[in-house]
Amino acid sequence: MTHTTHTSHRPRPHLPDLPPIAVAQLDLDGFDGKVLSLRPAPGGPPPKEGSVHALVRFRGRPVGTVLCQIRAGEDLAGTLAAAFRAQTGAKGRYEPSAPENPVTPPRTTVVVATRDRGGQLAPALDSLLAQDHPDFRVLVVENVPRTTATRDLVASRYAGRVDYVQEPRPGLANAHNRGVTAADGTVIAFTDDDVVADPHWLTALTTPFATDPGLGCVTGLILPARLTTPAQILLESHGGFAKGFAPRMYDPARPPADEPLFPFTAGSFGSGANMAFRAGALRSVGGFDPATGTGTPARGGDDLYAFVRILSAGHRLRYTPEALVWHHHRETWQDLRNQAYGYGAGLTAYLTAVLIRRPALLPSLLAKLPRGLAHARAITAHRTDGSGEATSGAPGAHGAQSYPWPRALSRLERKGMLYGPLGYAKARVRVRAQARTPERGQRAGGQRTGGQP
């Protein structure tokens with residue numbers, strides 16, 4: 001999806017001259033095991049000397065990341081493996097668990113929202129069609145397209161394999177709701193047009209629904225596909241989108257002791273680029289709030305709203321790092337400005353949405369809101385290892401001297417947080433106006449090309 005632009009006439013601050021960091025994947029046969037493979041991130045160049053940020057896997061399972069400086073002539077794989085072992089120490093001896101009895105994941109529809117980004121969309125669709133999941137359908141939802149390029153791409157290159165529908169009402173939540181309406185199957189998964197999914201992503205993301213009838217949502221791991229510009233490196237050093245390498249269950253019947261603000265710290269549960277819902281649970285809570293999300297005055301928060309609504313309805317939410325996608329971070333300083341402002345606005349917009357749509361949550365929200373706002377000043381939660389300790393495999397950390405987060409971006413995020421409730425109110429007015437003229441939406445939203453209905 002495209003992102004709403006926030007502009008300013010303030011001078012661009014001095015950004016550090018950060019050299020590119022190669023992104024790689026290192027697979028080991030256990031903590032002390034031999035190297036099984038070393039590959040670049042999907043579509044990236046082979047790693048060589050210089051800074052390398054590597055995902056470490058044990059027999060295919062993601063277990064951590066490591067940042068290492070490789071000198072000319074060094075054994076790259078061996079150096080990365082040694083650095084990871086030294087970084088994690090004894091507490092990092094994650095060994096693959098014994099194989100469980102195979103479980104068939106449920107029928108799933110994968111919804112990809114987009115707008116006029118055919119060049120970015122094609123790699124995402126290629127990766128989705130390569131999934132090892134036995135029973136799924138891919139559905140592209142284009143939001144207020146200005147050209148026919150995306151529809152033509154799906155009709156020509158992906159005919160019979162990918163479905164396409166349009167959503168004429170602007171906003172990511174509207175696009176997602178259009179996908180919910182058109183989806184079939186037990187589970188609906190969502191990802192973005194700027195990711196490449198790991199081949200095992202969909203199976204890992206949806207299999208938990210087959211074994212836990214109380215599960216309403218599953219989220220997964222998001223890692224950077226490229227770290228070539230200062231903006232991309234700064235975002236990842238600020239926490240990126242990853243939520244750690246330890247699986248975690250969030251159960252409203254047993255609130256986590258280490259999250260006193262639960263469930264209002266929704267940013268710690270996952271992100272919209274990598275999430276799946278039990279279809280019945282998502283529909284029962286009304287889907288996504290159409291007055292939230294990028295492409296609306298609210299700027300964001302549609303995914304966070306859905307997480308809280310699922311949990312407040314009594315469903316469990318699970319985070320699983322084995323469900324991995326590679327995300328193309330925004331490349332420029334202006335992109336980063338837009339993102340900082342949008343996340344701040346989306347945070348308070350989604351909280352406002354929860355307050356208006358679920359008044360019964362008001363006492364709990366008001367009691368926790370001051371601490372919640374302080375907790376959420378960062379763009380995303382810091383990467384943790386599941387025990388609350390930050391891992392050291394990211395390229396820097398929030399506030400670190402190596403890659404300090406520019407104060408201008410923190411100010412923008414705070415401004416966005418102040419604007420969020422107003423943005424949500426403006427978006428609600430727009431939604432009401434759209435509801436008074438539904439005929440056009442029904443006609444445009446019904447366009448379809450591709451595979452099965």
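Does Asp116 count as buried, partly exposed or exposed, and at what relative accessibility? Asp116 counts as partly exposed, because its relative accessibility is 21% and buried means under 20%.

## Model and confidence

This is a predicted model. The mean pLDDT of the chain is 85. Of its residues, 82% reach 70 or more.

Two stretches call for care. Over residues 396-401, pLDDT stays under 50. The model has 9 contacts beyond four places in sequence for residues 396-401. Residues 439-453 also stay under 50. For residues 439-453, the model has 36 contacts beyond four places in sequence. Where pLDDT is low, the predicted coordinates should not be read in detail.

## Overall build

The chain has 453 residues, and 56% of them count as buried. It holds 12 helices and 14 strands. Take the contacts between residues at least 6 apart in sequence: 79% of these join residues at least 24 apart.

Helix H6 spans residues 230-237 and is mostly covered. Of its 8 residues, 7 are buried. They are Ala231, Gln232, Ile233, Leu234, Leu235, Glu236 and Ser237. The cover over these buried residues includes strand E10 (215-224) and helix H9 (333-357). Gly239 follows H6 and has a positive phi, near 125°.

Helix H8 is mostly covered too, with 10 of its 11 residues buried. The buried set runs through Asp302, Asp303, Leu304, Tyr305, Ala306, Phe307, Val308, Arg309, Ile310 and Leu311. Just after H8 comes Gly314, with a positive phi of about 100°.

## Aromatic pairs

How many aromatic pairs are there? The count comes to 10. Phe190 lies in strand E8 (residues 187-192). Phe288 lies in the loop between helix H7 (279-284) and helix H8 (302-312). The two residues are 98 apart in sequence, so the pair ties together separate parts of the chain. Both Phe190 and Phe288 are buried.

Tyr250 and Phe262 also form an aromatic pair, and this one is stacked. The centres are 6.3 Å apart, with 10° between the planes. Tyr250 sits in strand E11 (residues 248-250). Phe262 sits in the loop between E11 and strand E12 (274-278). The partners are 12 residues apart. Tyr250 and Phe262 are both buried.

Ring pairs also build a cluster, made up of Phe190, Phe277, Phe288 and Phe307. Phe307 is among the buried residues of H8.

## Backbone points to check

A cis peptide bond joins Phe262 to Pro263, with omega at about 5°. Pro263 lies in the loop between E11 and E12.

Two residues have a positive phi although neither is a glycine. Arg59 has a phi of about 50°. Arg59 is placed in the loop between strand E3 (50-58) and strand E4 (61-70). Asp116 has a phi of about 55°. Asp116 is placed in the loop between strand E5 (108-114) and helix H2 (118-129). This is the partly exposed residue of the opening question.

## The cavity

Rolling a probe the size of a water molecule over the atoms shows where empty space is left. The structure holds 1 cavity of 30 Å³ or more. The largest cavity has a volume of about 30 Å³.

Which residues line the largest cavity? They are Pro170, Asn174, Pro290, Thr296, Pro297, Ala427, Arg430, Val431 and Gln434. Helix H11 (residues 407-435) gives the most to this lining, with 4 residues. By class, the lining has 5 nonpolar, 3 polar and 1 charged residues.

Technical notes. Residues are numbered from 1 along each chain as its sequence is written. This is a predicted model: local features need pLDDT of at least 70, side-chain atom pairs count only at pLDDT 80 or more; totals for chains, interfaces and linings use all residues. Side-chain values use heavy atoms; hydrogens and water are left out. On a 1 Å grid over the protein atoms alone, a cavity is a set of points where a 1.4 Å probe fits but cannot get out, and a pocket is an open set with protein on both sides within 12 Å along at least five of seven lines; lining residues have an atom within 4 Å of a point. Grid points are joined across faces, edges and corners, and a volume is the space filled by probe spheres set on the points. Ala, Val, Leu, Ile, Met, Phe, Trp, Tyr, Cys and Pro count as nonpolar, Asp, Glu, Lys and Arg as charged, and the others, Gly among them, as polar. Rings of Phe, Tyr and Trp (its six-membered ring) pair if their centres lie within 6.5 Å; planes under 30 degrees apart count as stacked, over 60 as edge-to-face and the rest as tilted. Buried means under 20% relative accessible area, exposed over 50%, partly exposed in between (1.4 Å probe, protein chains only). pLDDT is the predictor's confidence in each residue, from 0 to 100. Contact means heavy atoms within 4.5 Å.
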